[in-house]
Amino acid sequence: MLLAYRCAFASKRVAATAIEANEFPQLAQELGVWAVPRIVIDGEPRWDGAVPEPEFLRRILATA
Amino acid sequence: MREWFAALERPVELLVAVGPEQTPPAGARDVDFGAEMVKVCEGLAELGDGVTWRVEDEPDGFPRFPAVSIRPDGRDAGVRYDGLPWGYELGSLVGAILEAGRAEPSLRSESLAELEMLDRDLVLDVFVTPT
């Protein structure tokens, strides 16, 4: 989660929100959240699990 | 945690957004999530002068309640936590406060250079659970 937050604090083009899956079960179900952390970019589920910073950047920028 | 908050390089505001909540998860029917969120943020603010909080009822830009916006110098940086940060997830909120309180980003210089090249907005949502 912190990597997403760090990106948002570092760039005005990035927004980052942690969403507590148990509290918003309908949204979690719509996005097929079965494992956490699940990373969703611009409303599209992308991957599950933590990755190192360089890989995180590579993956989010690949969607841009 | 008091030491961490004392080391903040700029003030951090927690804007707590309360409003209509979704059906609570099984076993949590007696929990007022909005009230608990206020307690959490109030408690965190008591740990350091650099952390303040305020609450608003259904402010613009918040699709879910409760939520908290973590704001360096009171500025909306696009960083939120939606839902109550239970258990281990309190660490995410504390981590966000510490990041917001940094004068300089903590990402690697290579990462900052890559972010500089972004030419459109990105919305990152990270689903988490408290355990």
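Predicted model: local features only at pLDDT ≥ 70, side-chain atom pairs only at ≥ 80, totals over all residues.
View 1. Strands (E, at least two residues) and helices (H or I, at least four residues) are DSSP runs numbered from the N terminus, and two strands count as paired if DSSP finds at least two bridges between them. Residue numbers start from 1 along each chain as its sequence is written, and chains are lettered from A, with ligands numbered from 1, in the order in which they are written. Local features need pLDDT of at least 70 and side-chain atom pairs count only at pLDDT 80 or more, whereas totals for chains, interfaces and linings use all residues.

**View 2. Strand 2 of chain A beside strand 5 of chain B.** Here the pairing is antiparallel, with four bridges between strand 2 of chain A and strand 5 of chain B (residues 122–128). A:Arg38 stands opposite B:Phe127 of strand 5 of chain B.

View 3. Eight strands make an open sheet of mixed pairing, in the order 3(A)-2(A)-5(B)-1(A)-4(B)-3(B)-1(B)-2(B). On average, neighbouring strands are turned by 20° against each other, direction ignored.

**View 4. Helix 1 of chain A against helix 3 of chain B.** The axes of helix 1 of chain A and helix 3 of chain B (residues 90–100) are 10 Å apart, at an angle of about 25°; axes are lines fitted to C-alpha atoms, for helices over the stretch in contact, and angles run from 0 to 180 degrees between N-to-C directions. The two helices are therefore roughly parallel, a term for angles under 35 degrees. Chain A contributes A:Leu2, A:Tyr5, A:Arg6 and A:Phe9 to the contact, and chain B contributes B:Ser92, B:Gly95, B:Ala96, B:Glu99 and B:Ala100. Residues are in contact if their C-beta atoms, placed from the backbone, lie within 7 Å.

**View 5. The side of chain A that touches chain B.** In total, 38 residues of chain A contact 38 residues of chain B. Helix 1 gives the most to this side of chain A, with eight residues. Other elements giving two or more residues include helix 2 (25–30) and helix 3 (53–62) of chain A.

How values were computed:
Contact = placed C-beta atoms within 7 Å. Parallel < 35°, antiparallel > 145°, perpendicular 65-115°, else oblique.
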